[in-house]
Amino acid sequence: MKAMILAAGRGERMMPLTKTTPKPLIKVRGLTLIEHSISSLKKAKISDIIVNVAYLGWQIKAFIGNGKRLCVKVTYSDELSGALDTAGGIIKALPLLGKEPFVVINSDVLCDYDLSKLTLPVDSLAHLILVDNPEHNETGDFSLTNDHQVSINQSNDLTFSGIGIYHPDFFKPYVSTPGQLALYPLLKDAIANNKLSAEHYDGHWQDIGTPERLDQANTR
């Protein structure tokens, strides 16, 4: 199985730390965020990794290289004209990701979920890991019924963790969409078509999106 680490964002909420350093290279407990992501994939025996880069991407490429130092293989998807947002970035990388389901993780989350257990259920084109709503997203993203059925309603009590597994066919209807493309509208379409599933994870998860949350992660 292949995986993609999303690392192309500007990290604007992390300013001024990201003025000269891309967010994936910010350190938490002695390791860069992207190293934490790679470590989680290695534990799941996923070593073929695609990383998308845009803002200060040359620093990420210089630090990680081809991945050999970290005992993985890293290929880059360059978004040189500007980050394409989550779905847009994945679509651009599809030729590198192949024809089988692949894992996608945000480079700015810390989570101890065992990625080797991440599988795509029958009839689903995407499967998400959801977590309890954190303080910074109290209204949530989704609700979950019957263990895996995803919905969006007024009582959304779960937040998308930034971790999921996708079949390439999930993105096929959108490959001709130019420029930036967010993931959330695609997920809503998949819910309407009964092609999205999810599971609730109650283990450790942190979104390192602001300097304050970075401090919390480093003092945890």
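Some ground rules before the details. Residues are numbered from 1 along each chain as its sequence is written, and side-chain values use heavy atoms, with hydrogens and water left out. Since the model is predicted, local features need pLDDT of at least 70 and side-chain atom pairs count only at pLDDT 80 or more, while totals for chains, interfaces and linings use all residues.

I start with the nonpolar cores. By a nonpolar core I mean a set of buried Ala, Val, Leu, Ile, Met, Phe, Trp, Tyr and Cys residues joined through side-chain atoms within 4.5 Å. Buried is under 20% relative accessible area, exposed is over 50%, and partly exposed is in between, with a 1.4 Å probe and protein chains only. In soluble globular proteins, nonpolar side chains tend to be buried together. Here the largest core has 31 residues, and the members that touch the most others are Ile34, Leu41 and Val51. Apart from that core lies another, of 30 residues, with Phe102, Leu158, Phe160 and Ala198 among them.

Which residues does leucine 41 contact, beyond its neighbours within four places in sequence? They are Ala3, Ile5, Ile46, Ile49, Val103, Ile105 and Leu115, where contact means heavy atoms within 4.5 Å.

Next, the cavity. The search runs on a 1 Å grid over the protein atoms alone: a cavity is a set of points where a 1.4 Å probe fits but cannot get out, a pocket is an open set with protein on both sides within 12 Å along at least five of seven lines, and lining residues have an atom within 4 Å of a point. Grid points are joined across faces, edges and corners, and a volume is the space filled by probe spheres set on the points. The whole structure has one cavity of 30 Å³ or more. The largest cavity has a volume of about 40 Å³. Its lining includes Leu6, Thr86, Phe160, Tyr166 and Leu183.

For the elements, helices (H or I, at least four residues) and strands (E, at least two) are DSSP runs, numbered from the N terminus. Which element gives the largest share of the cavity lining? Strand S11 does, with five residues. As for classes, Ala, Val, Leu, Ile, Met, Phe, Trp, Tyr, Cys and Pro count as nonpolar, Asp, Glu, Lys and Arg as charged, and the others, Gly among them, as polar. The cavity lining has seven nonpolar, four polar and no charged residues.

One of the lining residues, leucine 183, sits in the loop between S11 and helix H4 (184-192). Leucine 183 is buried because its relative accessible area is 7%. Not counting residues up to four places away in sequence, leucine 183 touches Thr86, Ala87, Phe160, Tyr166, Phe170 and Phe171.

On to the pockets. The largest has a volume of about 990 Å³. Among its 36 lining residues, those nearest its centre are Arg13, Asp85, Thr86, Asn106 and Asp108. S11 gives the most to this lining too, with four residues. By class, the lining of the largest pocket divides into 14 nonpolar, twelve polar and ten charged residues.

The second largest pocket has a volume of about 360 Å³. Of its 21 lining residues, His36, Ser40, Lys43, Cys111 and Asp112 are the closest to its centre. Helix H1 supplies the largest share of that lining, six residues.

Now aspartate 207, in strand S13 (residues 205-207). Is aspartate 207 buried or exposed? It counts as buried because its relative accessibility is 16%. Its side chain makes a polar contact of 2.9 Å with the side chain of arginine 213. A polar contact is a pair of N or O atoms within 3.5 Å; within protein, one must be able to donate a hydrogen and the other to accept it, and residues adjacent in sequence count only if both atoms are side-chain atoms. The aspartate 207 side chain also reaches the backbone nitrogen of glycine 209 at 3.0 Å.

Last, some backbone points. The peptide bond from methionine 15 to proline 16 is cis, with omega near 5°, and proline 16 is in the loop between strand S1 (2-6) and strand S2 (27-28). Arginine 29, not a glycine, has a positive phi of about 50°; at 42% relative accessibility, arginine 29 counts as partly exposed. Cysteine 71 has a positive phi as well, near 65°, and counts as exposed at 60% relative accessibility.
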